[in-house]
There are 2 protein chains.
Amino acid sequence: MAEADALDAFAVHAEYQVDDDANYQWRIARRPQGNVTPQDFGFHAEDIPDVGEGEVLLRTLYLGLAPVMRFYMQATARTGDAPLSIGDVIHGRGVAQIIKSRHPDWQEGQIVQGQIGWQTYKVSRMTAQEKFFAMPKNGLPAALGAGVLGMTGLSAFAGFFACGNPKEGDRMVLSGAAGGVGSMVSQLAANVAGCDVIGMAGGPEKCDFIREHGCSATIDYKSDDIGAMLDALRPEGIDLYFDNVGGETLEACLERLRMNARIVLCGSISEYTRDDPFKLSNYTRLRATDSIMRGFFVYNHLDRWDAVMDDLAGWIKDGKLKPVQDIAHGFQTMPRALANLYYGTNIGVQCCEVRGEPKEWI
Amino acid sequence: MAEADALDAFAVHAEYQVDDDANYQWRIARRPQGNVTPQDFGFHAEDIPDVGEGEVLLRTLYLGLAPVMRFYMQATARTGDAPLSIGDVIHGRGVAQIIKSRHPDWQEGQIVQGQIGWQTYKVSRMTAQEKFFAMPKNGLPAALGAGVLGMTGLSAFAGFFACGNPKEGDRMVLSGAAGGVGSMVSQLAANVAGCDVIGMAGGPEKCDFIREHGCSATIDYKSDDIGAMLDALRPEGIDLYFDNVGGETLEACLERLRMNARIVLCGSISEYTRDDPFKLSNYTRLRATDSIMRGFFVYNHLDRWDAVMDDLAGWIKDGKLKPVQDIAHGFQTMPRALANLYYGTNIGVQCCEVRGEPKEWI
């Protein structure tokens with residue numbers, strides 16, 4: 001099935017009505033085989049739940065989309081969250097307003113971000129496992145909590161700075177450069193850390209985009225020979241490779257490491273729709289170059305949340321980091337917004353505006 | 001061919017005579033196919049070379065053997081040294097005495113270690129590429145320069161401390177624990193860093209040996225199910241895996257990492273006699289555990305040579321590090337001594353006593 005047809009198939013969801021009188025949910029209807037299809041998602045409406053002692057009622061404003069979500073739906077891979085059963089509400093973080101509170105630490109009216117799930121309301125005890133944070137009043141739009149100032153932002157920051165150990169002048173390569181984490185890392189690398197970033201993205205539009213967001217040169221993985229382009233653009237090799245795609249691209253970069261190089265494994269989107277894992281034939285290049293390959297699990301970096309969000313907000317305000325969010329409109333578009341990630345049609349952080357309001361900046 | 005038969009085949013070399021009147025050499029007769037065989041090595045005698053201005057004449061005392069040497073002979077893999085042609089003297093580091101010097105920085109009588117090659121004499125300009133170091137007068141035997149106080153020692157020290165970043169109480173796993181680097185790392189880990197070390201080795205004799213040299217428990221890779229033993233001995237997972245073997249053992253440890261774990265890739269002896277590289281299917285476990293896999297190239301750590309050798313010598317003297325060298329006698333036994341490494345018949349650092357004297361401690 002062609003890419004456009006596959007995405008057009010999600011038009012069947014456009015008729016679904018979402019209003020404020022019920023809690024609408026997207027649940028797992030069946031496990032995805034290969035890429036996600038409309039039939040994998042089940043649309044449900046239930047009563048807005050009551051709020052018990054120690055609980056709050058959340059009204060969802062924005063939800064973020066991330067490639068890992070297909071893993072949640074399959075429950076075959078180990079992720080940071082509990083595996084889901086058929087019929088479960090799909091995991092997802094987002095931004096919500098507390099509209100009723102019987103919890104001593106959380107107030108009505110507060111805008112928060114955390115594990116909401118794909119639903120328009122949620123009753124929560126605000127447990128540690130849900131990882132809720134109050135959104136700081138920093139004059140920036142609440143929507144950013146579903147991405148750039150949310151878990152995507154922490155991934156970009158901690159993955160790049162804590163795991164990549166960047167040095168000024170590093171000859172860097174970044175895959176998935178037009179994606180959620182990638183579009184942030186390219187800007188942090190070029191504008192904060194002083195690295196020279198070659199970005200990979202799919203198609204001329206995305207290559208133009210990443211050139212405007214920190215990349216000094218680009219590789220179009222859909223039309224270019226990646227190895228030949230790396231040879232041409234990185235004749236002296238690679239100091240730092242930030243990997244969002246895995247697979248053959250990782251192998252090509254491993255083959256071209258300089259001494260003391262670093263690879264940050266942030267994502268492997270090239271592998272998310274394969275049934276068999278990619279097998280890496282040249283990991284021993286790490287030995288020959290005294291190099292590090294570091295995996296990166298964002299939930300292990302939560303202790304730095306407040307400081308990271310302050311830094312990111314500061315760089316947004318002084319222009320070093322342009323927040324790029326690709327916003328789908330309407331809760332009924334969530335499945336298609338997820339599919340965008342695997343077809344590579346989004347630019348920046350993919351998220352969904354669940355309600356048209358409040359639009360005000362917090 | 002059975003292991004014993006394969007090693008017995010090297011008996012054809014026993015008849016070769018080595019004396020002090022000529023420079024005897026082992027050269028590459030043909031590229032090894034699979035494991036090394038006696039026919040891969042050519043024995044030559046030539047005149048002892050003259051010493052020109054700026055040169056020294058070295059008389060070889062001990063030579064070290066290392067698994068990487070098969071790569072030198074094949075010239076197919078990228079190593080830290082120049083590739084060799086058929087007919088070239090095989091690369092090898094060892095200990096020698098300077099018996100004539102026309103070099104301003106080196107004196108007759110000095111005992112040095114460095115890149116000598118498989119020969120009984122060498123004329124050298126003592127270039128940086130040969131990486132010669134004067135042996136310190138520390139009251140320890142000169143033979144240690146061919147291993148424990150040589151490049152093997154630097155590999156163990158830098159690989160374990162600089163790359164492994166060990167923490168007291170680390171639940172560690174060490175493969176190749178009875179080998180040259182392994183027998184040092186097990187002792188440094190247990191006696192200096194305070195780690196709990198489970199060692200892997202082949203056969204009951206080696207397992208007994210490593211239990212006496214730092215390992216609290218052992219896995220016999222020849223008879224045990226490695227995965228089941230790791231599950232039993234490391235039910236909480238692995239903090240630090242020091243890898244001397246690569247392949248399936250690396251994959252089994254990757255599968256069992258704790259959060260914030262570290263893998264040091266020091267060697268891949270399981271792969272040295274394969275034609276196709278092993279393909280690692282589960283490198284993405286590094287992501288789920290926020291872990292580091294670090295390659296390690298010993299020549300990148302030479303700047304710390306003196307300090308490392310001082311530390312190692314100190315630990316030998318205070319009993320924390322028992323030097324274990326498996327010494328073959330006679331230059332004619334070099335090919336068999338190398339074969340020992342791939343058949344796993346050596347314990348500790350494999351080296352060769354080229355001459356019966358001087359035995360005195362320097």
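Reader: In which sense do strand β8 and β11 of chain B pair, and over how many bridges?

Author: In this predicted model, strand β8 (residues 171-174) of chain B pairs with β11(B) in the parallel sense, over three bridges. Two strands pair if DSSP finds at least two bridges between them. Strands (E, at least two residues) and helices (H or I, at least four) are DSSP runs numbered from the N terminus.

Reader: Which residue stands opposite B:Leu174?

Author: B:Phe242 in β11(B) stands opposite B:Leu174. B:Phe242 also has B:Val264 in β12(B) as a bridge partner.

Reader: How do β11(B) and β12(B) run, and how many bridges join them?

Author: They run parallel, joined by five bridges. With helix α7 (residues 247-254) of chain B, the two strands make a right-handed β-α-β unit; right-handed means that, with the strands pointing away from the viewer, the path from the first strand over the helix to the second runs clockwise.

Reader: How many residues of β11(B) are buried?

Author: Six of its six residues are buried, that is, each has 20 or more other C-beta atoms, placed from the backbone, within 10 Å of its own.

Reader: Changing topic, how many residues of chain B are in contact with chain A?

Author: 25 residues of chain B are in contact with 24 residues of chain A, contact being C-beta atoms, placed from the backbone, within 7 Å. The largest share of chain B's side, four residues, comes from β13(B).

Reader: What does β13(B) pair with in chain A?

Author: Strand β13 (residues 292-295) of chain A pairs with β13(B) in the antiparallel sense over three bridges. There, A:Met293 has B:Met293 as its bridge partner.

Reader: Which conventions apply to numbering and confidence?

Author: Residues are numbered from 1 along each chain as its sequence is written, with chains lettered from A and ligands numbered from 1 in the order in which they are written. Local features need pLDDT of at least 70 and side-chain atom pairs count only at pLDDT 80 or more, while totals for chains, interfaces and linings use all residues.

Definitions and conventions
Contact = placed C-beta atoms within 7 Å. Buried ≥ 20, exposed ≤ 12 C-beta atoms within 10 Å, placed from the backbone.
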